[in-house]
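Me: I would like to go through the side-chain contacts of this model. Could we start with the terms and then work through the pairs?

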Amino acid sequence: MSDIAFQNTAATAPPQGFSKGIHGARGLFALAVVIYHVYNSGLPVWQFPPLLHHGLLSLKFGVEMFFAISGFVIIGTLARSTTAAEFLTNRATRIFPVLWAATLVFIPIALAGNLPRVAEHAAHPITFALITLGNLAALGPLIPIPVFLAVTWTICYEFAFYLLAACHLHARRATPFLLLAGALLILQHPRALFFVPGILVAIGLVQHRIPPILTKEPLIPLLLFLAAWHSAANPEIPRFEPIYLWSDPTRFALTGVAFAAATLAILGISEGLGWLSAALQSRAMLWLGTISYSLYLWHTIIIGVLKAAFWQLGIPAFTGEATQAIFLAIALPASLATAHLSAELLERRVTRALRKRVHA
């Protein structure tokens, strides 16, 4: 969720060009994904009107807005990096500590709960060890390796994006080929398309080409993005099938609307416009932005453990349709507390120690 190329604001002072609105938006999109996973938990819930029901389901596409933020942030990170190796080292020390910790905590929990996508590989120790290493390196799903902790598929997309950016930094003459590689990646994995709006905004390509009235209140294009991209999704599969398999012209039109809306939302937020931008710059949202990467990785583990406890204790039988509301009231504070500790210990201290060691 996440960056999920989030900048290491927990470990360093805000860099030049730091946008409070963009930083707060990380917290908003992480929170959206948490709420989606609670709503999609299978626990009893009230019957909502169709509009609200689909609105809650669309919150999973907060991930795409994470990608847009990554595209926005990475331009500044590239400008501050002198070499491709420095850039990749910065990203690796930022991402891996939390990824490794969350994955290594999740695997024994999944084995204890006999979670099929993990347990089915445990009977073959060598294969299981190799798959585990692949998960720790965030290789799946772009490389066909089973993904244990489901949300980490986005980290794989992030690192593919980082690799293209590092190649651009190392050999700018290769940029046309890198653009082609990026386009092929998007054709195969449409959700990666949303790195591009952040890049367009960060390099200043859209600022003076869009009427100001369209970015005056970023909340409106953000809601439009969620509606259009949710409508373009195929509900029968967990991720979008490759674009070259699309046959319905409506999906292409909805994708164009979603792309334009995401661009407008990022532009408005980065420029601090409207009510949404003001709210994102509040102390609470800035704190959520700081812990958002940890929140994104840890919350599914917290939700999974608590949900198993709810069913085992028979709580849904007593709480009925109010179960999800009660569950959210317990799971969200637990997830926030875990994320805060993770941000302090792993993102700040471990990342700082790793960078000192590497630079030394």
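Reply: Buried means under 20% relative accessible area, exposed over 50%, and partly exposed in between, with a 1.4 Å probe and protein chains only. This is a predicted model, in which local features need pLDDT of at least 70 and side-chain atom pairs count only at pLDDT 80 or more, while totals for chains, interfaces and linings use all residues. Residues are numbered from 1 along each chain as its sequence is written, and side-chain values use heavy atoms, with hydrogens and water left out.

Me: Is Y244 buried or exposed?
Reply: Y244 has a relative accessible area of 51%, so it counts as exposed. Y244 is placed in the loop between α10 (219-232) and α11 (249-270); helices here are DSSP runs of H or I with at least four residues, numbered from the N terminus.

Me: On to the aromatics. How many pairs are there?
Reply: Rings of Phe, Tyr and Trp (its six-membered ring) pair if their centres lie within 6.5 Å; planes under 30 degrees apart count as stacked, over 60 as edge-to-face and the rest as tilted. By this rule there are 21 aromatic pairs. One of them is F96 with W100, which is stacked because the ring centres are 5.1 Å apart and the planes lie at 15 degrees.

Me: Where do F96 and W100 lie?
Reply: F96 and W100 are four residues apart in helix α4 (residues 84-112), so about one helical turn separates them. F96 is buried at 17% relative accessible area, whereas W100 is partly exposed at 39%.

Me: And what geometry do W153 and Y157 have?
Reply: W153 and Y157 pair edge-to-face, with 4.9 Å between centres and 80 degrees between planes. Both belong to helix α7 (residues 153-170), four residues apart. W153 is buried at 7% relative accessible area, and Y157 is buried at 4%. The two are in a cluster linked by ring pairs, whose members include F96, W100 and Y162.

Me: Which charge sits over the ring of Y162?
Reply: The charged end of R91 does, 5.8 Å from the ring centre. The criterion is NZ of Lys or CZ of Arg within 6 Å of the ring centre and within 35 degrees of the ring normal. R251 lies over the face of W246, 4.4 Å from the ring centre.

Me: How many salt bridges are found?
Reply: The whole structure has five salt bridges, each a side-chain nitrogen of Lys or Arg within 4 Å of a carboxyl oxygen of Asp or Glu. In the bridge of E347 with R94, the closest N and O atoms are 2.8 Å apart. E347 lies in helix α15 (residues 323-359) and R94 in helix α4, so the pair ties together parts 253 residues apart in sequence. E347 is buried at 1% relative accessible area, and R94 is also buried at 1%.

Notes: Helices (H or I, at least four residues) and strands (E, at least two) are DSSP runs, numbered from the N terminus.
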